[in-house]
Structures are given as structure tokens and as C-alpha cells.
Amino acid sequence: MKNLFLAALTAGLLTSAGHAAQSTRASIQGVWRIVEATITGPGARTIAFGERPNLTMFTAKHYSRVEVQSDAPRPVLADVAKATADELRTVWGPFVAEAGTYEVTPDGLVTMRPIASKNPAIMGPGVFLTYSYKVDGNTLSLTQQRNQNGPFPNPFTLKLVRVE
């Protein structure tokens, strides 16, 4: 009986120690805003997002992101039904929208699997994006690692700040 109690106590301590080790990595759950993107490789540069509208949200298992990738405000179309192809591209081209599921690993990787996206090419079966991540206070850094086609040769890093 004494050996059974010691075995149960040891297993409980090992289990709680494992959970404590896993919980030391800060959670990415919340609402974030991109403030900076750093691009590597040819044409390497850092882009300050300034007032560019964007939000990235992580719940327990799902994510959603919307982003305007334009330095200038997008024009408002007077009549969408009468807009030219160039006018539509100017308004909707720089807009990014995506939502799906994600998983994190204890070693600091987050893998996103898009379910819905403005770009239908990234909604297919087997499509994923893996980033390394680091949370430092209210700052989240995401660096591209790989997708279903393999590692990124020139990964970019996004710096986000917590909104809530």
C-alpha cells in the first residue's frame, strides 16, 4: 500500500511538473495589432505599420486576421456595380482576410490552418503556415518557418502588440 501511495504521489508530481513547464510559455490568446514587419532576403526591409488598419485574434483554438496592406487610404467606391476592374483592385487588392484553426507547441511554434480566406489558394486541404513565436509582455513576434511546400527561404517577422 505504501509503495502504491509513493508511486501515485511521484506520478502526480511528475505530471504537475510537466504542466508547469508547459505553462511557462506565455499565451498568444488575445487581440493583437501588427506594428512592424521585417522582411529578409533580397529587398530586405522593415515596414512600420503606423496607422494601417489590422487586427489578429487568437481564441483557444481559432484565429482570425484582417489587414489593409496599403500606405494610402483606400478610396470609397461610389457604386460597386459600376466600378472598373482597376477601381476594384485598388479598393480590395490590399485587403487581407483569413480565419482558421491553430495549434501551439511547447517549443514555441504555432501552426495555422486556414478555413476561410480572401485568397482561395490558401484554403485547400493540407494547407498550413508554421511560425515561431515569442511573447514578451504585450509584444508578440511571429517569424515564418514553413508551409506545406517546405521551409521559407527568406522568412519575414511580424511584431504585434496586444490590444486586449
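Arginine 89 is exposed, as is aspartate 86; here exposed means over 50% relative accessible area, buried under 20%, and partly exposed in between, with a 1.4 Å probe and protein chains only. The two residues form a salt bridge whose closest N and O atoms are 2.5 Å apart. A salt bridge is counted when a side-chain nitrogen of Lys or Arg lies within 4 Å of a carboxyl oxygen of Asp or Glu. Both arginine 89 and aspartate 86 belong to helix H2, where they are three residues apart, about one turn of the helix.

## Basis of the model

The structure is a predicted model, in which local features require pLDDT of at least 70 and side-chain atom pairs count only at pLDDT 80 or more, while totals for chains, interfaces and linings use all residues. Residues are numbered from 1 along each chain as its sequence is written, and side-chain values use heavy atoms, with hydrogens and water left out.

## Overall architecture

The protein chain contains two helices and 10 strands. These elements are DSSP runs numbered from the N terminus, with helices (H or I) of at least four residues and strands (E) of at least two. Their order from the N terminus is α-β-β-β-β-α-β-β-β-β-β-β.

Of the 164 residues in the protein chain, 26% count as buried. The chain exposes about 10400 Å², of which carbon and sulfur atoms supply 61%; accessible areas come from the Shrake-Rupley method with a 1.4 Å probe, and for residues only the protein chains shown count as cover. Among contacts with a separation of 6 or more, 45% are between residues 24 or more positions apart, a contact being heavy atoms within 4.5 Å.

## Strand pairing and hairpins

Strand S1 (residues 30-39) pairs with strand S2 (residues 45-48) in the antiparallel sense through four bridges; two strands are said to pair if DSSP finds at least two bridges between them. Glutamate 36 has alanine 48 in S2 as its bridge partner. S1 and S2 make a hairpin with five residues between them, and glycine 41 in the turn has a positive phi of about 80 degrees.

Strands S5 (residues 95-104) and S6 (residues 109-117) run antiparallel and are joined by seven bridges. Within this pairing, glutamate 98 stands opposite serine 117 in S6. S5 and S6 also form a hairpin, with four residues between them and a positive phi of about 90 degrees at glycine 108 in the turn.

## Salt bridges between separate segments

The count of salt bridges comes to five. Side chains of opposite charge can pair when their charged atoms come close. One of the bridges joins arginine 52 to aspartate 71, with the closest N and O atoms 2.2 Å apart. Arginine 52 lies in the loop between S2 and S3, and aspartate 71 in the loop between strand S4 (62-68) and helix H2 (85-92), so the pair ties together parts that are 19 residues apart in sequence. Arginine 52 is buried, with a relative accessible area of 13%, whereas aspartate 71 is exposed at 72%.

Arginine 65 and glutamate 98 meet in another salt bridge, at 3.6 Å from N to O. This pair links distant parts of the chain, with arginine 65 in strand S4 and glutamate 98 in strand S5, 33 residues apart. Arginine 65 is partly exposed at 22% relative accessibility, and glutamate 98 is buried at 5%. Arg65, Glu67 and Glu98 are linked in a network of salt bridges.

## The aromatic pair

The chain has one aromatic pair, where rings of Phe, Tyr and Trp (its six-membered ring) pair if their centres lie within 6.5 Å, and planes under 30 degrees apart count as stacked, over 60 as edge-to-face and the rest as tilted. The ring centres of phenylalanine 58 and tyrosine 102 are 5.0 Å apart and their planes stand at 75 degrees, so the pair is edge-to-face. The pair connects distant parts of the chain, phenylalanine 58 being in strand S3 and tyrosine 102 in strand S5, 44 residues apart. Both residues are buried.

## A nonpolar surface patch

Leu55, Met57, Val66 and Val163 form a nonpolar patch on the surface, with about 280 Å² of accessible area together. Patches are made of residues with over 30% relative accessible area and no salt bridge, like charges being joined within 9 Å and nonpolar side chains (Val, Leu, Ile, Met, Phe, Trp, Tyr) within 5 Å. Methionine 57 is located in strand S3 (residues 54-58) and is partly exposed, with a relative accessible area of 35%.
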